[in-house]
Amino acid sequence: SRDITVRTKDVQLVSELSQGIGSILQTGVSVNNYGPQYYISTLAELRPQLLEEAMKDAKVRAEAITKAVGGSVGAVTSVRSGVFQVTTPDSTMTADGGAYDTTTIKKTVTSTVSVTFKTK
């Protein structure tokens with residue numbers, strides 16, 4: 001019995017090899033295939049960009065809300081960042097400590113920010 005770990009950025013090749021496990025089974029070799037796990041190797045670099053985009057979105061939303069009642073948005077008074085959720089596209093999965101799906105190559109990364117603005 002032997003465990004094998006392969007780390008590569010060629011995720012398409014890993015997917016193809018994983019799907020082709022049947023040819024090994026046909027030779028009589030016993031294989032337990034738990035399937036590949038796909039991670040985002042650039043998540044640390046993505047986080048600041050995603051938080052910046054979330055802050056811009058928060059301001060746009062705050063402006064829309066305050067404009068509807070005749071107000072305007074002032075300076076930021078506080079910010080809280082939520083956990084990151086790495087999920088399959090179009091997933092609604094969330095977890096208090098964050099979620100990290102490793103079953104698919106394509107992923108959606110989301111985080112929430114809670115921003116408090118002064119009003120003018």
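Is Lys56 buried or exposed? Lys56 is exposed, at a relative accessible area of 53%. Here, exposed means over 50% relative accessible area, buried under 20%, and partly exposed in between (1.4 Å probe, protein chains only). The model is predicted: local features need pLDDT of at least 70, side-chain atom pairs count only at pLDDT 80 or more, and totals for chains, interfaces and linings use all residues. Residues are numbered from 1 along each chain as its sequence is written, and side-chain values use heavy atoms, with hydrogens and water left out.

**Overall layout**
- The chain has three helices and three strands. Helices (H or I, at least four residues) and strands (E, at least two) are DSSP runs, numbered from the N terminus.
- Along the sequence, the order is α-α-α-β-β-β.
- The C-alpha trace spans about 75 × 25 × 25 Å along its principal axes.
- The radius of gyration is 22 Å, while a compact globule of 120 residues would have one near 14 Å. This radius is taken over C-alpha atoms, and the globule rule is 2.2 Å times the number of residues to the power 0.38.
- Of the 120 residues in the chain, 18% are buried.

**Salt bridges**
- The structure holds two salt bridges. Each is a side-chain nitrogen of Lys or Arg within 4 Å of a carboxyl oxygen of Asp or Glu.
- Glu52 pairs with Lys56, and their closest N and O atoms are 3.3 Å apart. These two residues sit four apart in helix α3 (residues 43-68), so about one helical turn separates them.
- Glu52 is partly exposed, at 46% relative accessibility.
- Asp57 pairs with Arg61 at 2.8 Å, N to O. Both residues lie in helix α3, four residues apart, or about one turn of the helix.
- Asp57 is partly exposed at 35%, whereas Arg61 is exposed at 54%.

**A buried strand residue**
- Thr87 belongs to strand β1 (residues 73-87).
- Thr87 is buried, with a relative accessible area of 4%.
- Leaving out residues up to four places away in sequence, Thr87 touches Met93, Ala99, Asp101, Lys106, Lys107 and Thr108. A contact means heavy atoms within 4.5 Å.

**Contacts across the chain**
- Among contacts with a separation of 6 or more, 61% join residues 24 or more positions apart.
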